[in-house]
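Subject: Handover of a structure and its findings

Dear colleague,

Please find below the structure that I am handing over to you. My notes on it follow, and I would be grateful if you read them with the structure open.

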Amino acid sequence: MKKVIARSEGHGWATCPCTPTSLLVDTSYLADLIALMACSENPAENEVMYVKGVGPKKAAALEEVGIHTIADLLHHFPRRYLDRSRLTPIAGLKIGSEVTVVGKVVTRGLLRARRSYYEVLIADDTGNLPLIWFGGIKYIENRLKTGMTISVSGTITDFHGPQLTHPDFEIVFADEAEEKLHTGRIIPLYPSTAGLKKVFLDSRGLRRIIKPALDKYADLLEDVMPAAIAAELELPPLAESVRQMHYPDSFDKQQTARRSLALRELFRFALLVIDRRARFRKRTKPHSLTRPDQEYAAIVKRLPFKLTQAQRRVIGEIFSDLRQSQPMQRLLQGDVGSGKTVVATLTMALLAHSGWQAALMAPTEILARQHYNTIATILEGSHIKVALLTGSTPASERREITHDLSAGEIDLVIGTHALLSEDIKFDNLAYVVVDEQHRFGVEQREALLAKGNHPDLMVMTATPIPRTLALTAYGDLDVSLIDQLPEGRKPVRSALRAATDHPNIYRFIRNEVGKGNQAFIIYPLVEESLKVQLTAATKAYEHLRTDVFPDQNVGLIHGQMKRDERRRTMADFVEGRINIMVATTVVEVGIDIPDATVILIEHAERFGLSQLHQLRGRVGRSERKSYCILVTEMEPASASYRRLEEFTDCTDGFAISELDLKLRGPGDLLGIRQSGLPIFRVADLVHDLSLILTARECALKLLDNKYGLSDEEKVRLNQYIISGRAFPFSSGVS
Ligand code: ADP
Ligand code: MG
């Protein structure tokens, strides 16, 4: 408990003006109550070193993986289980089948035939099975001892009968004494890491420390879930759930335990998110909006197109937020090409027009520049003064912009991370827009917000976020959706081709650029081998330029290029001096080249589906017919090939995100570092939608005072909210 208090002091709840007090408790006497509770030391909150069998070395390794307290250790759950009542008997093994078998080591030793090999013979009640190693013999000899019970997996081969060669193995019990400790039939197998294994905390080592800790401390675990909600959801007590998760009596019981723990986890998280939002709502902002007037109408009139109905609706939603006295917190979702920029522009213009400053932050320089050009054009002839600030803004210009921003002479600034720099100050920043927000961390958007006095916030994303994620990662935001593409857009036709098709593909591209259109050719960059890949892209570029399209203007753009060069190349493409652009994924987000009608993506299997969808969104931005060609050398029977086929058949960004989420998990979809999602130990954001909804509903009802909590429960929850503990966040939410 002491530790928690120390951490909450770190949050500065006693001094900070935006104190994270929650709505639950009248805060005037909160500090006293918490101080009081801090005295009641809970042993389960002690450092993990206090567990029997955990010395300083093991404790340090556990710290590394985020296990600090005994309670943390008890929440390190099995990855899978070994069900001893349902094992494949050795006598029934079939040649060629893939199996997991459990047996006791009966003999072991080095044998000699044509070459020497090491044989370990395991046995169960039904028969014997030889395990054979030709290499790594010393290691096996040291690890596997007679009398051990081990679990082995592999494919059964035939050599005078069934055997396993070089199987994966796991020590289940070191000896009979250990086996006697485990009377249950279902044995937990824990996830481990290289660091943990170094200090003997493999699955079995973990079992050895977790089992006694479970017996001693499970009943002391503090349950944040209020009793009334636990009863409503029919949750078994926390201690029982934790026990059944580690040593289930049956898989039914394990499932019940999983639900109970997942709901607790999701409830706590929902509470944090909702509370955070509510706190935000209690703030008042100093700025206000004047009514749209003639000048605003003139700006809208100057647009080269008519706004779609969805755009108009969303602009209305934002206006009404901007008019409130609480700051806006809004997520703008819209598929690639749906026209989010103009929504940002018009809403920023209106606020700027009322005398306040607005800032738009984009993840890349190319994109910031593009936005600047678009926005400056739209606002031409108005009184709004626009500036662009990026890492490559020359020093003298930068000085000027810095000055003008702090003096309030610039109304609207567009930029990259450069906006976050400490010397950039605003006179009256009232509105922050973050484009392609999955490219930013939560801290970054907070840093920009901190430059104003409770500015309105809008984050924009073209990665449609499946509902489960939206509710968890963005549960504190209101959502606006542009669910309509500008008129006349035709879906991009997608095709999957083999590398042998290149001649045809190149002919097709030649034909398209012959009509005055432009083309992208994308090479993936894999971070681990940046150099190699870059050489590949550069080589491919040389080949395309000199051998394939000698009569065309081929350009190359990648992230390692000097900024100036990159900017010039991009400008050449925008203005049509380049008609075929060879690129890495620097063009992935946001780039808007209406004349581009073909995008060829090499090694398509290396991209995630959402990423492919983003790339595909670089074309199809006009009324012309557009094409996306994926090239892969994967086998048609392979899973990656089928995944790509599904992609070519599907143009709906939401469906693609759902698919991507299932295949690759939330980290990939939201950007791992940026996601701001906690690492859930039990809950599963892909499959637990109904639990997420239930947990959220409970949290809402709770904050609405529907549950009649005891004072003690209120304090506990409140303290939980303040400390923000129990979630190792992948990045700092809250
Ligand atoms: P995204 O939502 O992917 O950021 P953009 O804002 O870049 O999309 O807009 C894509 C393209 O569509 C741009 O060229 C933009 O000028 C154009 N556009 C936006 N709104 C409309 C509209 N209502 N009608 C026609 N074209 C539009
Ligand atoms: Mg965009």
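This is a predicted model: local features need pLDDT of at least 70, side-chain atom pairs count only at pLDDT 80 or more; totals for chains, interfaces and linings use all residues.

Which of the 16 residues around ligand 1 come nearest? They are Gly-337, Lys-340, Thr-341, Arg-489 and Asp-592, where a residue is near a molecule if one of its heavy atoms lies within 4 Å of it.

Residues are numbered from 1 along each chain as its sequence is written, chains are lettered from A and ligands numbered from 1 in the order in which they are written, and side-chain values use heavy atoms, with hydrogens and water left out.

The ligand site

By class, the shell of ligand 1 holds four nonpolar, six polar and six charged residues. In this scheme Ala, Val, Leu, Ile, Met, Phe, Trp, Tyr, Cys and Pro count as nonpolar, Asp, Glu, Lys and Arg as charged, and the others, Gly among them, as polar. Polar contacts are pairs of N or O atoms within 3.5 Å; within protein, one must be able to donate a hydrogen and the other to accept it, and residues adjacent in sequence count only if both atoms are side-chain atoms. An N or O atom in the side chain of Asp-592 lies 2.6 Å from an oxygen atom of ligand 1. Polar backbone atoms also take part: one of Gly-337 is 2.7 Å from a ligand oxygen, and one of Ser-338 is 3.5 Å from a ligand oxygen. The protein buries 86% of the 560 Å² that ligand 1 exposes when taken alone; accessible areas come from the Shrake-Rupley method with a 1.4 Å probe, and for residues only the protein chains shown count as cover.

The protein as a whole

The protein has 26 helices and 22 strands, these being DSSP runs numbered from the N terminus (helices H or I, at least four residues; strands E, at least two). Of its 734 residues, 54% are buried. Buried means under 20% relative accessible area, exposed over 50%, and partly exposed in between (1.4 Å probe, protein chains only). The accessible surface comes to about 33,000 Å², and carbon and sulfur atoms hold 51% of it. Among contacts (heavy atoms within 4.5 Å) with a separation of 6 or more, 76% join residues 24 or more positions apart.

The interior

A nonpolar core is a set of buried Ala, Val, Leu, Ile, Met, Phe, Trp, Tyr and Cys residues joined through side-chain atoms within 4.5 Å. The largest such core has 95 residues, and Leu-62, Leu-73, Ile-209, Phe-267 and Val-413 have the most contacts inside it. Helix α11 (residues 251–282) gives the most to this core, namely 12 residues. Another core, of 41 residues, lies apart from it and includes Leu-303, Leu-346, Ala-358 and Val-433. Leaving out residues up to four places away in sequence, Ile-209 touches Val-51, Lys-52, Gly-53, Val-54, Leu-62, Leu-73 and Leu-201.

Why is helix α10 (residues 238–246) largely enclosed by the rest of the structure? Seven of its nine residues are buried, and the helix is therefore largely enclosed. Those buried are Leu-238, Ala-239, Ser-241, Val-242, Gln-244, Met-245 and His-246. Their cover includes α4 (70–74), β1 (80–83), β9 (186–189), α8 (203–217) and α11.

Individual residues

Tyr-523 is placed in the loop between β18 (518–522) and α20 (530–548). At 12% relative accessibility Tyr-523 counts as buried, and its contacts beyond four places in sequence include Ala-537, Val-582, Ala-583 and Phe-607. His-558, in the loop between β19 (554–557) and α21 (563–574), is likewise buried, at 10%. Its C-alpha atom is 5.8 Å from that of Ala-583, 25 residues away along the chain.

Most residues other than glycine have a negative phi. His-166, in the loop between β7 (162–165) and β8 (168–173), has a positive phi of about 45° and is partly exposed, with a relative accessible area of 41%. His-454, in the loop between α17 (442–449) and β15 (456–461), has a positive phi near 50° and is partly exposed at 26%.

Yours sincerely
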